Amino acid sequence: MKVPTLVLGVIGMDVHAVGNKILEYVFTNAGFNVVNLGVMVSQEEFISAAIETAADVIMVSSLYGHGVLDCRGLRSKCIEAGIGRILLYVGGNLVVGKASFPEVEKVFKEMGFDRVYPPGTSPEQAIVDLKKDLGLRGEDFHAGTEK
Ligand code: B12
């Protein structure tokens with residue numbers, strides 16, 4: 001059985017490293033194969049890593065408020081690179097200012113993200129969603145029970 005692979009990283013010029021380490025730890029312990037690119041990751045680096053590792057999900061963090069700018073175009077680049085159906089998740093402090101989360105979520109969904117998380121979302125929530133989304137796509141893996 002294939003263990004799902006997640007490509008994880010903090011996009012753009014963002015150097016916030018702590019959450020990224022926590023996400024790596026939690027997803028690894030949950031049984032996923034985690035490819036952690038760390039901080040300051042470009043869209044191209046996410047995509048190359050996803051292709052190289054045949055990843056199931058690209059999991060983007062953005063903490064410094066430039067999420068919209070940094071994430072725009074990622075889905076199109078995935079399509080161009082031949083991995084158009086890959087799951088795209090994003091979380092962190094995605095914008096600066098007063099936009100409500102439903103507005104922020106709408107923007108990122110329109111950009112092609114499958115899951116969008118508000119600030120401070122627990123990684124466990126993403127694990128629940130991953131199981132659901134990977135199940136929907138016919139994966140027969142249950143994170144935490146397979147290695
Ligand atoms: C430490 C810190 C820094 C350090 C980072 C050191 C390092 N290398 O990590 C330094 C001093 C470098 C820094 C710099 C800046 N920072 Co700063 N920083 C913080 C601070 C205080 C803590 C961040 C942290 O470690 N949190 C703890 C971790 C565990 O939480 P987390 O990062 O949020 O991650 C968790 C969740 O968000 C979630 N999550 C994250 N990504 C994803 C993705 C998915 C898919 C899912 C499901 C969940 C998920 O899971 C993670 C683990 O639990 C926060 C304020 C705060 N209290 O959060 C500001 C904060 C993030 N910084 C901020 C800003 C503005 C900056 C600067 C732009 C400031 C400046 N003008 O220079 C720069 C940007 C530098 C850069 N290029 O990135 C703002 C961002 C504002 C916004 N987005 O609206 C914040 C929120 C402070 C504030 N209230 O204004 N910062």
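**Asking about the ligand and the sheet**

Reader: How many nonpolar, polar and charged residues does the shell around the ligand have?

Author: In this predicted model, the shell around the ligand splits into 15 nonpolar, 9 polar and 1 charged residues.

Reader: Which residues come nearest to the ligand?

Author: Out of 25 residues around the ligand, Met13, Val15, His16, Ala17 and Ser61 come nearest.

Reader: What makes His16 a donor of the cobalt atom?

Author: Its NE2 atom sits 2.2 Å from the cobalt atom of the ligand. The cut-off for a donor here is 2.8 Å, so the NE2 atom of His16 at 2.2 Å qualifies. His16 is also the only protein donor of that cobalt atom.

Reader: And where does His16 lie?

Author: You'll find His16 in the loop between strand 1 (5-10) and helix 1.

Reader: Which elements give two or more residues to the shell?

Author: Those are helix 1 (18-29), strand 3 (57-62) and strand 4 (87-92). Helix 1 gives the most, with 4 residues.

Reader: What makes strand 1 and strand 2 a pair?

Author: Pairing takes at least two bridges, and 4 bridges join these two parallel strands, so strand 1 and strand 2 pair. Thr5, for instance, stands opposite Asn33 in strand 2.

Reader: Why is one side of strand 2 and of strand 5 left without a neighbour in the sheet?

Author: The open sheet has 5 strands in the order 2-1-3-4-5, with parallel pairing. Strand 2 (33-36) and strand 5 (115-116) stand at its edges with a single partner strand each, so one side of each has no neighbour.

Key:
Residues numbered from 1 in each chain as written. Predicted model: local features only at pLDDT ≥ 70, side-chain atom pairs only at ≥ 80, totals over all residues. Heavy atoms only, no water. Near = heavy atom within 4 Å. Nonpolar A, V, L, I, M, F, W, Y, C, P; charged D, E, K, R; others polar. Donors = N, O, S within 2.8 Å, 3.2 Å for Na, K, Ca; no water.
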